[in-house]
Amino acid sequence: MKFETAAIHGGQINTDSHQPVVQPLTLSTNFVHHEGSLIYSRAANPNRLALEALLAKLEKGVSAAAFSSGNAAGMAVFQALAPGSHIIAPDDMYHGLRKQLTTIFDRILEVSFVDMTEVDNIRSVIKENTKLLWLETPSNPLLKITDIRGACAQVDSKEIKIVVDNTFASPVFQNPLDLGADIVMHSATKYFGGHSDILGGALITGSKDAFWEKIKNVHETGGAVLSPFDCYYLVRSIKTLAYRMKGHAEHAGIIATYLDLHDKVEAVYYPGLVTHPGHEIATTQMTGFGGMLSFLFKGSAEETDRFIAKLKFFTNATSLGGVESLIERRAAVEGPDSKTPPNLVRMSVGLEHLDDLLEDLDQALMG
Ligand SMILES: *Cc1c(COP(=O)(O)O)cnc(C)c1O
């Protein structure tokens, strides 16, 4: 089954003798005891089972777990590690997950943050207690690319699990399990949901090993599970994921080129541009370059804010992956400790008509 077909047919499990065409929403928290019954919805419910089966298919894994947010999914991986374990993570890791490691797990786990654009940096920090290599590519907000195959090749021990945050690429354009990773993580809040109205997260595994059993225990016993309602809506949204991603990537590619040629723009970060330092590697592991880009506006923080305020179709808001275009000055969101340049603008390119988006950028950059 191809991706588009699996996305439409893969989220259906039979739970109703009327045979509805779409998976019904089952809100019941408990199930009448009988052989093979689901028992209690924190452990399992039909909508979560349907979503997890779908996610496993789309990421080419064998099993999946749906969490109440992307951060909850990431946290379950860290909670599944034994105290004293060492983690290797990117120096530009998603800030919310980085904050977990530095403020929640700081006395329980050891972390080395390294520049993952040079995969040779990984081997030199591996220690006896290293148990996890965390990757994120393309990264946020500079769209840095990590060579997933090359990073996996740095790890000789089966004791070190490799997890890839695949949120920016989506499984439409990148399947880390095929490139050597053990587990894939997603913020389902972004492209999976695709309409800025669902908070969710997921892990997908390539094998049901002992580490996955630990994660499943955190999931079901810890209880940060996705509600049946949110599972229902994610299955619904994912049916159009492939077509949305193709639109996002097409628009982002054209806008990146447009910005690259504009004299009010200092630099553009988009892995689809041949000038991007990660472009070569991206072409070997991605089948499309996604809908996220960032750029340096020629001007101060205040001038950058004024440019953003002039836009009509790019909403000044955080998050990404929705059908509507979003824009934000990243340093303003990340706060005073941020190392992000003050004139860096991050854009989630939406599915409005491309002409409207380009015209809007034209008028705002002109002023
Ligand atoms: C948003 C995001 C997360 C966190 O997901 P939430 O659903 O917000 O908890 C993790 N990684 C990346 C790359 C993200 O963009």
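Figure 1. An oxygen atom of the ligand lies 2.9 Å from a polar backbone atom of Gly-70. Of the 380 Å² of accessible area that the ligand has on its own, the protein covers 93% (Shrake-Rupley method, 1.4 Å probe).

This is a predicted model, in which local features need pLDDT of at least 70 and side-chain atom pairs count only at pLDDT 80 or more, while totals for chains, interfaces and linings use all residues. Residues are numbered from 1 along each chain as its sequence is written, and side-chain values use heavy atoms, with hydrogens and water left out.

**Figure 2. The shell around the ligand.** The ligand is surrounded by 14 residues (a heavy atom within 4 Å); the closest are Asn-71, Asp-165, Ser-187, Thr-189 and Lys-190. Four residues of the shell are nonpolar, seven polar and three charged; here Ala, Val, Leu, Ile, Met, Phe, Trp, Tyr, Cys and Pro count as nonpolar, Asp, Glu, Lys and Arg as charged, and the others, Gly among them, as polar.

**Figure 3. Two cis peptide bonds in one loop.** Thr-137 and Pro-138 are joined by a cis peptide bond with omega of about -5°. A cis peptide bond also joins Asn-140 and Pro-141, with omega of about 0°. Pro-138 is found in the loop between strand S4 (130-136) and helix H6 (148-153), and Pro-141 lies in the loop between S4 and H6. Helices (H or I, at least four residues) and strands (E, at least two) are DSSP runs, numbered from the N terminus.

**Figure 4. Ser-170 and its backbone angle.** Ser-170, although not a glycine, has a positive phi of about 70°. Ser-170 belongs to helix H7 (residues 170-173). Most residues other than glycine have a negative phi.

**Figure 5. Confidence along the chain.** The protein chain averages a pLDDT (the predictor's confidence in each residue, from 0 to 100) of 96.

Terms used. A polar contact is a pair of N or O atoms within 3.5 Å; within protein, one must be able to donate a hydrogen and the other to accept it, and residues adjacent in sequence count only if both atoms are side-chain atoms.
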